[in-house]
Amino acid sequence: MTAAEAPLVSVTAIRRHFVSGGGLLARRKVTRAVDDVSFGIAAGETLGLVGESGSGKSTLGRVIVGLLAATSGQVAIAGQAVGGARGGARRALWRRVQMVFQDPYSSLNPRLTVRDTLAEPLRNFGIARGADADRRIREALDACGLPASAMTRHPREFSGGQRQRIGIARALIVRPDFIVADEPVSALDVSIQAQIINLLQDLKAAFGLTYLFIAHDLAVVRHVSDRVAVMYRGKLVETASAEMLYARPAHPYTQLLLRSVPMPDPRAEAERRKRTAASEIAHPQATAGGCPFHARCPKARFPLCGEQAPPLAAHASGHRVACHFPG
Amino acid sequence: MTLASPLPTRPAWVTRPLTVLAAVRRQPAAGVMGALLVLVTILGALLAPFLTAADPLALGSDTLAEPSWAHPFGTDDLGRDVLARVLYGGRVSLGIGLFSAAISVGLGMTIGMVAGFFGGLLDEVLMRITEAFQILPKLLVAVVVVSLIGSGLLNEILVIGLLSWPATARIVRGRVQVIRHEEFIAAAEMSGAGPVRLLARHIAPNVLSFLLVSASLQVASAIMSESFLSFLGLGDPEHPSWGLLLQQGQLFLQQAWWLTTFPGLALAMTVLGLNLLGDGLSGSHAAPARSRR
Amino acid sequence: MSAPLLSIRELGVSFPRKEAPSTTVVEGVSFDIMPGEIVGIVGESGSGKSMTARSVLRLLPKSAELSGSIRFRGREIPEMTDEEIRDMRGALVSMVFQDPMTSFNPVLRIGDQIGEAIALHDRARRGRRALRDRVAKLLALVGIADPAERARSYPHEFSGGMRQRALTAMAVANSPALLIADEPTTALDVTVQDQVLSLLRELNENSGTAILLITHNIAVVASLCRRVIVMYAGRVIEDGPTDEVLTAPRHPYTWSLLQSVPRIDQAGTRLTAIKGQPPDPATPLAGCKFHPRCPWAEQRCGEQEPALSPIGEAHGVRCWLPMNGIAAAAQ
């Protein structure tokens, strides 16, 4: 993405906090699920968002599509603000932005047929009804590798992979520009994962889609992404092109993540294990503030890392890294 | 509840044989048995004119007669045919049960869905009201209210219906709170469904299957409540229900066992049948959506 | 070599159905585990890998019908009394499950639960203090810092990785000869997965515990196991040394599976997905169970099921047309 061309999706200083407790006995506790995150996604790009459970990546995805309100900050898609959109504006937004969900079992209403599920957006957005809707549904199913006969059936008659195809068809049927895919393959079997990944890539090429691909599987993210953003405890710690990030990770957390992934080739795996000393670093000096990763970081220097959170700043060859001592 | 649980990776055909087997083990016989019992009582009430020629209200000269071919269930102190009174009484008892259950389930479902879906202050207010109703001594209040506003079928139905919705409301609210967080609700929102459509098209059908169980138990409980009211003499003498028959029969417990035994059996059979049916339904209905879980 | 620790012959697991042939989820599975060996079973949902593992501890659903032989140190497990099975579970063979949350009772302290597992099989009848020391030692062994203090925690106070480690501590409390780990890292983050794999490796090296690892993740097998068994549709379709099977697979399914996994050390080329889906065990399928999805299937593949036959040293494959290992690797 160059500075000259405006990104399709721009995320600016997004924070999302969750408040729990605050009753008579429990103390009010604020969880900063997403904490000051900014990035852009160019039209036609796939941005991979990786992070471990609890990193806030799914929360961020839901804020970006407007399912969750941000505590502060702005998301704009093609210049249109997502936050605060109500009624008609929200509908206009969701004709451009759609989501593919993680769980193929809970993401389809068990009581509706495939036709009912796919007709919902066509009806609610006033796109098509009746025979015209049926024609569009057949097209969407066909694009996702499902036969037209699927229309009259219920979700329980399909396998996980086929359900995920239905979920993708639902997102696709309004012809969006931008799709947020939240762990779209993590609930699927290995051989089915490949089918869905290939399908998502084919659809991107065919319909000129832009993706935000959220996943915890670093190999899958490398495979599908042009650019990758790494999240840790609500903050972005590194962004770079997929190639650069995997070849030369600059943030110690990214380095730890990449080191931790076992490889299917036994020889490569033996090599990896030799390089890796899988030991948790426990810093007695660790504090509550500072860099979110400093308590686990092998490079942490005190008191700096424990007191000051490093900003996401430009680093060599297109990396942006939030670290006092990158590289 | 929100633990990072394993993802459901099994295709349906892996789990289906297992769940079917599990359901079979959970004695479907009970459910079938319950359905049969309920069916028998409903048919008895509906087909009363074909099952007996006697008029339940017609007085006769043959008083307190033992069961015989002419009067299979005997006659009461005024010479009325007990079989006819039990069959026609079923219409009253079942009718009151069904209508007051309809009121309580309808009200409970509406309140529970609204509270569970919107949450926040609305939920707080509705739940406090629900609790207020729930802690009322239901039968005592029913007795007081019916004695104040007078007996009569409509009054009984309204009082029982309006006093028994809280349990349903709480069940529905809990269920809606779970469904609210299923991904298909988020997907429906992104498909442009507003709150009304979300509730009516996406949430209600998934609550209904849950409600069948609760509804069958509500009918049973309403029939029992009505019998209790009638037994205390608050029933409608124009429309004798099983409870009223019991009340009238208890004076002659020593001389005429048939006056209480047959309506008592009918009542027990219906309530047992509805409970068994409820059990069967709760065992066999497939969970609407898999949760992790 | 010594006698096998666990020897499974012609294992079958099926679920009878009303008015229909029963559903067979495991059929003709045979393999041995030597003392101190780490064997991985890899397969997708419905491959029968979990059912195979569970039948060793007789943890199958009640409606399941078991056939074949499972011998642990020469003793036939299906013939054991319930009491003998209880004695064996935990003491000689123990199991680690996928979900570390549901494996603990949420209202009891972690340390007390591990202590109970020890006391249950404790012939020496240790006192309370000795038991507490042993629990602390176990928690330290699985890498939990400040073990005496953490033993007093409740399950919800532990992170997912710590619970999985605590569960492993409980499983190895009585130094079992065999540890069965069913998807032990599937619910864990990748950094935690790496720690749990190291832990299992150390347990094996230090105490000689044999491990049967059940997983869908080929990389986890590559990391931990010397031998791998590939299952598909209830059958063992390939069995051999990890180095051979994962670099020069002989069964088309193993090969396709490896091709369909994106690799972290390679940039994106298009993945070779396996077309279609695994067969439904309720519908009988003639011939090789993989033939409808196999790019090389011939007529006989759809007619007759091949046997698991040796193809090199300690390597077996269930295929009429086994792949030439070298060519496959180069492809």
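This is a predicted model: local features need pLDDT of at least 70, side-chain atom pairs count only at pLDDT 80 or more; totals for chains, interfaces and linings use all residues.
Local features require pLDDT of at least 70 and side-chain atom pairs pLDDT 80 or more, whereas totals for chains, interfaces and linings use all residues. Residues are numbered from 1 along each chain as its sequence is written, chains are lettered from A and ligands numbered from 1 in the order in which they are written, and side-chain values use heavy atoms, with hydrogens and water left out.

**View 1. Salt bridge between A:Asp36 and A:Arg15.** The closest N and O atoms of this pair are 3.8 Å apart; a salt bridge is a side-chain nitrogen of Lys or Arg within 4 Å of a carboxyl oxygen of Asp or Glu. Because A:Asp36 lies in strand S2 (residues 29-41) of chain A and A:Arg15 in strand S1 (residues 9-20) of chain A, the pair ties together parts that are 21 residues apart in sequence. Helices (H or I, at least four residues) and strands (E, at least two) are DSSP runs, numbered from the N terminus. A:Asp36 is partly exposed at 37% relative accessibility, and A:Arg15 is partly exposed at 27% (buried means under 20% relative accessible area, exposed over 50%, partly exposed in between; 1.4 Å probe, protein chains only). A network of salt bridges links A:Arg15, A:Asp35, A:Asp36 and A:Lys235.

View 2. A:Arg135 is partly exposed, at 38% relative accessible area, as is A:Glu139, at 36%.

**View 3. Salt bridge between C:Arg58 and C:Asp82.** The N to O distance is 3.2 Å. C:Arg58 lies in the loop between helix H1 (49-56) and strand S4 (65-72) of chain C, and C:Asp82 in helix H2 (residues 82-88) of chain C, so the pair ties together parts that are 24 residues apart in sequence. C:Arg58 is partly exposed, at 25%, whereas C:Asp82 is exposed, at 53%.

**View 4. Strand S9 of chain A and its partners.** In strand S9 (residues 227-232), 6 of the 6 residues are buried, so the strand is largely enclosed by the rest of the structure. S9(A) pairs with strand S3 (residues 46-50) of chain A in the parallel sense over 4 bridges, and strands pair if DSSP finds at least two bridges between them. A:Leu49 stands opposite A:Ala229. With strand S10 (residues 235-241) of chain A, S9(A) pairs in the antiparallel sense over 6 bridges.
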